[in-house]
Amino acid sequence: GAENLSAAGQNAASPQVAVAVDGTATVVWERNGPTYSRIQESTSGATMYSLTLTKSGAGSGSVSSSPTGIDCGLVCSYSFSLSTSVTLTASPAAGSSFTGWSGSGCSGTSTCTVTMLGARAVDAKFAKLPLPSNLFTIKSVKPGVKALTSTVVLPGPGTITQIVTRSVKKKSKSVKIGVCKTSKKATKAGTVKLTCKLSAATRKALRQRSLRVSVKTTFTPTGGLKASKTKLVTLKRKR
């Protein structure tokens, strides 16, 4: 607010003060004397105030400001000029969501705007999103003389991989060798068919005898943790 600027033995009337967006304050008053009446003014430099940003919650994310200054992650406190209007924007990291502002009059999940008429403190809260389901179902595994065909039901988008191996004896030790491998990406929940083409060595061995193989199916949901299921299947001898 404006104050009386009169010095002893002098007078100053109608004081007024104006503050620019950069914090510069200009004071104007009218001074009267015996033989004159004039307007005088005085301009002061900008005043800086600190805006401090904290982050809370189990999730993670970043907050930036306009005008620039806050970039949290990296910088969570910055000094702005008096009366500056600062807009904060929250960006959740993958696997997190932004749940809202608190402090200095901010709330909700949109942007937060504060006016720097003094020091300000704002908190941004991030929550951790639940992991997507990795529970899948193997409806069928059908062995053939050239390929092994599986039908799998997925709970959502992700990558389904199938690795088929068999055990052979080498120097009195059991060693796993590859039979086939395949994978497919799914963009949504639903049924996926996998075709795992048998290796040439496996097809050759099938001319001699049936083979017991291990079928390991792994589903990795987008943004989640993988899960695996293993099933033993017999590849019948090719006659």
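Trainee: What makes β14 and β15 a pair of strands?

Mentor: In this predicted model, 13 bridges join β14 (residues 158-170) to β15, and the two run antiparallel; since a pair requires at least two DSSP bridges between strands, where a strand is a DSSP run of E of at least two residues, numbered from the N terminus, β14 and β15 pair. Within this pairing, Val 168 stands opposite Val 175 in β15. Residues are numbered from 1 along each chain as its sequence is written. Local features need pLDDT of at least 70, side-chain atom pairs count only at pLDDT 80 or more, totals for chains, interfaces and linings use all residues, and side-chain values use heavy atoms, with hydrogens and water left out.

Trainee: Why are β15 and β18 said to stand at the edges?

Mentor: The open, antiparallel sheet has four strands in the order β15-β14-β17-β18. β15 (173-186) and β18 (227-235) each have a single partner strand, so one side of each is left without a neighbour in the sheet.

Trainee: What makes the 18 residues around Leu 51, Val 63, Leu 88 and Trp 101 a nonpolar core?

Mentor: The term covers buried Ala, Val, Leu, Ile, Met, Phe, Trp, Tyr and Cys residues joined through side-chain atoms within 4.5 Å, buried being under 20% relative accessible area with a 1.4 Å probe, protein chains only. The largest such set has 18 residues, and those four have the most contacts inside it. β4 (48-56), β8 (85-92), β9 (96-102), β10 (112-115) and β11 (120-128) each supply at least two of its residues. A second, separate core of 14 residues includes Cys 196, Leu 198, Val 215 and Val 233.

Definitions and conventions
Buried means under 20% relative accessible area, exposed over 50%, partly exposed in between (1.4 Å probe, protein chains only).
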